[in-house]
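Here are my notes on the structure, point by point. Please keep the model open while you read.

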Number of protein chains: 2
Amino acid sequence: MKQLTVELGERSYPIYIGDGLLAQAAELFAQRGISAKSPLLIVTDTAVGPHYLEPLAAALRAGGYTVAAHTVESGEKSKSLAVLQDIVATALEAGLDRKSAIVALGGGVVGDVAGFAAASYMRGVKFVQVPTTILAHDSAVGGKVAVNHPLAKNIIGAFHQPELVLYDTATLRTLPPREVRAGLAEMVKHGLIWDASFVAWLDENAQRLLALEPEALQYGLFEGCKVKAHVVSADEREDDLRAILNLGHTIGHALEAVAGYGELLHGEAISIGMIGAAKLALRLGCDPEIYTVTKRLLQHFELPTRMPPHLDTDAIMTAMSHDKKFKEGRMVYIVPTAIGRVEINKSVQAELVRDIVNELKEEA
Amino acid sequence: MKQLTVELGERSYPIYIGDGLLAQAAELFAQRGISAKSPLLIVTDTAVGPHYLEPLAAALRAGGYTVAAHTVESGEKSKSLAVLQDIVATALEAGLDRKSAIVALGGGVVGDVAGFAAASYMRGVKFVQVPTTILAHDSAVGGKVAVNHPLAKNIIGAFHQPELVLYDTATLRTLPPREVRAGLAEMVKHGLIWDASFVAWLDENAQRLLALEPEALQYGLFEGCKVKAHVVSADEREDDLRAILNLGHTIGHALEAVAGYGELLHGEAISIGMIGAAKLALRLGCDPEIYTVTKRLLQHFELPTRMPPHLDTDAIMTAMSHDKKFKEGRMVYIVPTAIGRVEINKSVQAELVRDIVNELKEEA
């Protein structure tokens with residue numbers, strides 16, 4: 001088992017990564033002071049629940065915990081206020097009190113909606129992340145939780161740090177290959193924004209990661225979480241530095257919105273967005289190696305680098321202007337300046353971005 | 001204008017109390033660093049909006065702010081996730097960004113739902129309280145915001161402190177007399193839990209307060225807010241001391257729930273609840289003066305001291321067991337031990353409370 005700590009003063013918490021960790025859940029919960037006197041609620045979805053809900057619940061019950069469960073539909077639609085209301089109903093019926101914890105067992109959607117339930121139930125109860133996707137190595141660290149509004153994604157939420165993250169890599173074996181690849185896109189992002197040596201490792205170990213080799217997976221997830229934890233520790237509430245985590249996301253979110261959620265997976269959209277950011281770096285006069293390495297890495301991971309050409313450029317530009325990263329009339333872009341380093345550029349011209357969006361449709 | 005500060009480290013904020021303060025809104029907002037570059041959203045209700053929305057919006061616009069407004073139905077039903085979703089739609093349409101503020105213009109319901117919108121919109125934007133009821137001198141201070149769930153009151157919420165509280169006592173002149181009296185119940189509570197000299201002042205000045213004499217009103221609101229601010233400063237997240245603010249609320253909330261929200265105003269329910277707490281004090285052997293003074297004060301303010309006899313005792317006992325103050329199987333009661341002093345008693349027997357509920361139906 002590997003362990004690292006997200007340093008946030010009195011809100012610091014550990015991330016445990018290992019094969020078969022679900023079986024140790026009760027012990028790890030108890031170490032973090034989660035009381036067995038108050039009931040727990042596990043929130044999961046229809047894709048993950050059938051595989052891992054009973055093993056997790058059984059492990060917790062064996063350790064003396066009282067466990068209730070709530071299963072939401074798999075998919076982005078479950079990030080809604082209506083689902084939040086359903087989760088709270090289950091929490092009330094199960095008798096959750098202020099000392100209880102809500103446990104997210106699943107990927108980013110479950111983490112987000114269960115996390116917002118934990119942030120708001122009785123004005124905040126404890127929260128545990130049990131990620132079951134590779135993508136969630138990103139979303140499960142950092143405390144950003146939210147639901148969607150019909151008019152905007154992730155617009156209603158909170159910063160609510162978990163008590164612990166319990167990452168059982170055995171749960172990744174049931175992931176569809178397309179989701180494995182998409183999850184690795186966030187791992188590539190973590191290398192590109194922070195750590196050139198991790199980029200070099202990813203360049204050499206792509207095949208091992210795609211094959212879900214346990215050792216490679218644990219190392220990659222550990223290093224990816226480490227980058228995320230560093231950035232979050234330095235800027236918990238996204239005032240400044242934390243924006244670098246959005247590499248590839250400005251274009252990526254717009255692509256997801258315009259394509260309709262589901263056509264492109266999140267990781268696929270940000271893969272294309274990272275190519276866009278590398279092209280922006282080229283235009284701004286940075287080392288061309290940035291573009292070469294970014295593209296090679298993403299191709300190693302069999303991720304898309306070309307934008308679906310049928311998507312309308314105007315619609316993408318409009319979607320970008322609705323992004324939360326739009327502050328007082330200006331858009332913020334994250335641009336690579338070297339391998340393992342990015343800058344927050346607040347003065348990129350819209351016309352330049354439009355050119356790049358069009359180029360992305362032509363990308364080989 | 002009177003001013004006091006709620007001391008919460010970097011989240012400290014001022015409360016301004018004065019006659020005609022709405023006109024100074026832009027200046028006071030600017031002093032607190034609320035940017036005029038980002039739009040504001042005023043949330044109000046159908047009772048308050050027709051009187052004070054335009055004066056407040058005009059004052060802010062005159063100071064260079066861009067102002068949008070959202071009006072909810074007056075009443076407890078507006079504390080819902082559905083109304084939250086509507087407020088967020090208006091916020092998005094008005095272009096609110098992370099530097100924007102949401103302003104609650106109204107009583108406790110508006111403060112709660114607008115405050116939760118501010119706590120959760122884009123994971124938290126600035127919040128301003130502009131209370132227009134006497135009751136809100138309690139709810140507007142302390143940062144507790146929430147909406148209701150069909151199964152429980154105030155169960156989905158946050159701790160989100162305002163940037164400032166702007167209390168224009170001129171807005172109280174349109175309050176129905178019954179709401180004036182009910183609001184004064186919280187003022188009595190603040191005296192009883194903390195400040196014997198304030199209790200003595202209330203005893204002598206009840207008629208001036210009921211007549212809304214500006215000087216008496218400003219003094220009473222200032223002293224009431226001061227007690228609340230002291231307690232909140234000492235215990236922002238309701239871990240311990242803050243529970244004393246619940247004097248009269250354990251029985252009071254149960255009465256509201258059983259009578260159906262609306263039959264009893266909140267202040268009326270806690271008036272009866274404070275009589276209940278004073279009776280509990282008698283049974284526990286405290287100075288009988290506590291009961292005498294509590295009852296005399298509440299009668300001065302023409303508040304009810306007797307429980308509607310048709311309410312079912314079993315239903316009231318069940319409602320109490322659903323209270324958020326129920327922790328790990330035990331109920332917490334706030335019991336007066338002297339005038340201006342209370343204790344948090346965690347071991348009151350249910351049977352004793354049942355006796356008192358029955359006695360409250362007989363109260364003269």
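1. Start with a term. A salt bridge is a side-chain nitrogen of Lys or Arg within 4 Å of a carboxyl oxygen of Asp or Glu. Across the interface of chain B and chain A, this rule finds zero salt bridges.

2. Some ground rules. This is a predicted model, in which local features need pLDDT of at least 70, side-chain atom pairs count only at pLDDT 80 or more, and totals for chains, interfaces and linings use all residues. Residues are numbered from 1 along each chain as its sequence is written, chains are lettered from A and ligands numbered from 1 in the order in which they are written, and side-chain values use heavy atoms, with hydrogens and water left out.

3. Now the interface. Contact means heavy atoms within 4.5 Å. By that rule, 38 residues of chain B touch 38 residues of chain A. The size of an interface is often given as the accessible area lost when the parts come together. Here about 3,400 Å² is buried between chain B and chain A, and carbon and sulfur atoms give 60% of that area. Buried area is the accessible area (1.4 Å probe) that two parts lose on being put together, summed over both.

4. What about polar contacts? A polar contact is a pair of N or O atoms within 3.5 Å; within protein, one must be able to donate a hydrogen and the other to accept it, and residues adjacent in sequence count only if both atoms are side-chain atoms. Between chain B and chain A, nine residue pairs are in polar contact, both residues at pLDDT 80 or more. On chain B, α3 (81–93), α4 (108–120), β7 (144–149) and β8 (152–159) each supply at least two residues of the side that touches chain A. Helices (H or I, at least four residues) and strands (E, at least two) are DSSP runs, numbered from the N terminus.

5. Turn to the sheet of chain B. Seven strands form an open sheet in the order β1-β2-β9-β6-β5-β3-β4 of chain B, with mixed pairing. Two strands pair if DSSP finds at least two bridges between them. β1 (2–6) and β4 (67–72) of chain B are the edge strands, each pairing on one side only. The twist averages 20° from one strand to the next.

6. Which residue of β5(B) is the bridge partner of B:V43? The partner is B:A104. Their strands, β3 (residues 40–45) and β5 (residues 101–106) of chain B, pair in the parallel sense over three bridges. α4(B) packs on the sheet and touches β3, β4, β5 and β6 (126–131) of chain B; its direction makes about 175° with that of β5(B). Axes are lines fitted to C-alpha atoms, for helices over the stretch in contact, and angles run from 0 to 180 degrees between N-to-C directions.

7. Helix α8 (residues 214–234) of chain B lies across β1, β2 (13–18) and β9 (164–168) of chain B, at about 10° to β1(B).

8. Back to salt bridges. Over all chains, the count comes to 44. One of them joins A:R32 to A:E163, with the closest N and O atoms 3.8 Å apart. This pair links distant parts of the chain, 131 residues apart. A:R32 is in the loop between α1 (25–31) and β3 of chain A, and A:E163 is in the loop between β8 (152–159) and β9 of chain A.
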